[in-house]
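Here's a quick walk through one protein model, written for someone who likes to know the cut-offs behind the words. Have the viewer open while you read.

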Amino acid sequence: MKRALVLSGGGVYGAFEVGAIDYLIHKLKLDFQIFFGSSVGTLNAAILSQSNNYQELCIETALLKKLWLEIKGNQSIYRHNSLLLLGFFIHQAFYFPDGLKKIIQKYIDPKRLTNSKKTLKFPTVALETGELFYVDNHTCLQATLLQYILASTSIPWIFPPVFINNKHWYDGGLRDITPLGGVFDEKPDEIFIILTNPINEKLQPTLQVYKYAGLIQNFIQLIEIISNEIINTDLQLALIINQLKQFFPDSRSVPIYLITPKKNLTGNILDFKPEKIKEYFELGYQAAASPRLAESTLVKQIQTQKKI
């Protein structure tokens, strides 16, 4: 069984993903050969991708859980730009991800990752050209791999871009928050997608309601709106591709399982309180107990019309 795990973005909501991952791997004893991540999902996926078999995957999952539960607060991930608005114009960011850099360097070994039998892919975007680049652990140079992982977690203007090969790179979630396009290229037998927002019956993500709270908070809300629209488009496209495969003799549909919160996770995605992390972890663990087999409302409508 060739199984793919797709992890979306969401800042501190990445703890929800870890709870779900813990259930899938330790409780259901599922192995995964393909990992796709975006933003914080890239960090989680990169750690898991260092494994070569199920036993090693269990070890990496325990390590990932340890990483998240040891976060003591925002200072474990980033520090404020002390120059405030002036610093924003100088450094193109409100915060510096010093703690995140240390986590990446501590928990991810480029050599192990490039030599792993498992596949890791994640998107990054070049500021200069808008180019969407999929990083692959089997083709990326070890010298730049950790930099690209940092870039994939760098939310525009919240964190600074990462300069690699004469371009400035940002979070690939700007264009591909759930990188499903590349998943089908790997020809998996099953796809598990963990989202950090709930979705309705039409597979459309629902957003948390915020009060206007100033520039930074509402900019984060804007990023969430864009991200959720990309998620909606990705899911509908993936399910339509699945439906079309029935018309090709050598093709087959791939089951897509969705794991999402039942309701919106409360709190700021940049608020890394230990108690919130534990709460999100438990919610993810519970959600993974009942993954949802995705079905497209659009496809159902097409099938109904055919019968008529």
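## Cavities

By the grid rule used here, there are 2 cavities of 30 Å³ or more. That rule runs on a 1 Å grid over the protein atoms alone: a cavity is a set of points where a 1.4 Å probe fits but cannot get out, a pocket is an open set with protein on both sides within 12 Å along at least five of seven lines, and lining residues have an atom within 4 Å of a point. Grid points are joined across faces, edges and corners, and a volume is the space filled by probe spheres set on the points.

The second largest cavity comes to about 170 Å³. It has 15 lining residues, with G11, V40, I77, L100 and F272 the closest to its centre. Helices α2, α3 (54–69) and α5 (98–107) each put at least two residues into that lining. By class, the lining splits into 12 nonpolar, 3 polar and no charged residues; here Ala, Val, Leu, Ile, Met, Phe, Trp, Tyr, Cys and Pro count as nonpolar, Asp, Glu, Lys and Arg as charged, and the others, Gly among them, as polar.

## What you're looking at

This is a predicted model, where local features need pLDDT of at least 70, side-chain atom pairs count only at pLDDT 80 or more, and totals for chains, interfaces and linings use all residues. Residues are numbered from 1 along each chain as its sequence is written, and side-chain values use heavy atoms, with hydrogens and water left out.

The protein has 11 helices and 11 strands, taken as DSSP runs numbered from the N terminus (helices H or I, at least four residues; strands E, at least two). Of its 308 residues, 56% count as buried, meaning under 20% relative accessible area with a 1.4 Å probe, protein chains only. Take contacts (heavy atoms within 4.5 Å) between residues at least 6 apart in sequence, and 75% of them join residues at least 24 apart.

The largest nonpolar core has 66 residues, and L5, L24, F32, W68, I108, I149 and I194 have the most contacts inside it. Helix α1 (residues 14–27) gives this core its largest share, 8 residues. A core here is a set of buried Ala, Val, Leu, Ile, Met, Phe, Trp, Tyr and Cys residues joined through side-chain atoms within 4.5 Å.

Beyond four places in sequence, W68 touches G11, V12, G14, A15, V18, V40, N44, F272 and I277. Why call helix α2 (residues 40–48) largely enclosed by the rest of the structure? Because 9 of its 9 residues are buried, V40 and N44 among them.

## C140 and α7

C140 sits in the loop between β6 (132–136) and α7 (142–152). Its relative accessibility is 12%, so C140 counts as buried. Leaving out neighbours within four places in sequence, C140 is in contact with T114, V135, L145 and Y148. T114 is 26 residues away along the chain, yet the two C-alpha atoms are 7.6 Å apart.

Helix α7 is mostly covered, with 8 of its 11 residues buried. L145 and Y148 are among those buried residues.

## An open pocket

The second largest pocket holds about 200 Å³ of space. Lining it are P261, K262, K263, N264, L265, T266, E279, L283, Q286 and A287, which sort into 4 nonpolar, 3 polar and 3 charged residues.

How values were computed: Buried < 20%, exposed > 50% of the residue type's maximum accessible area, 1.4 Å probe, protein only.
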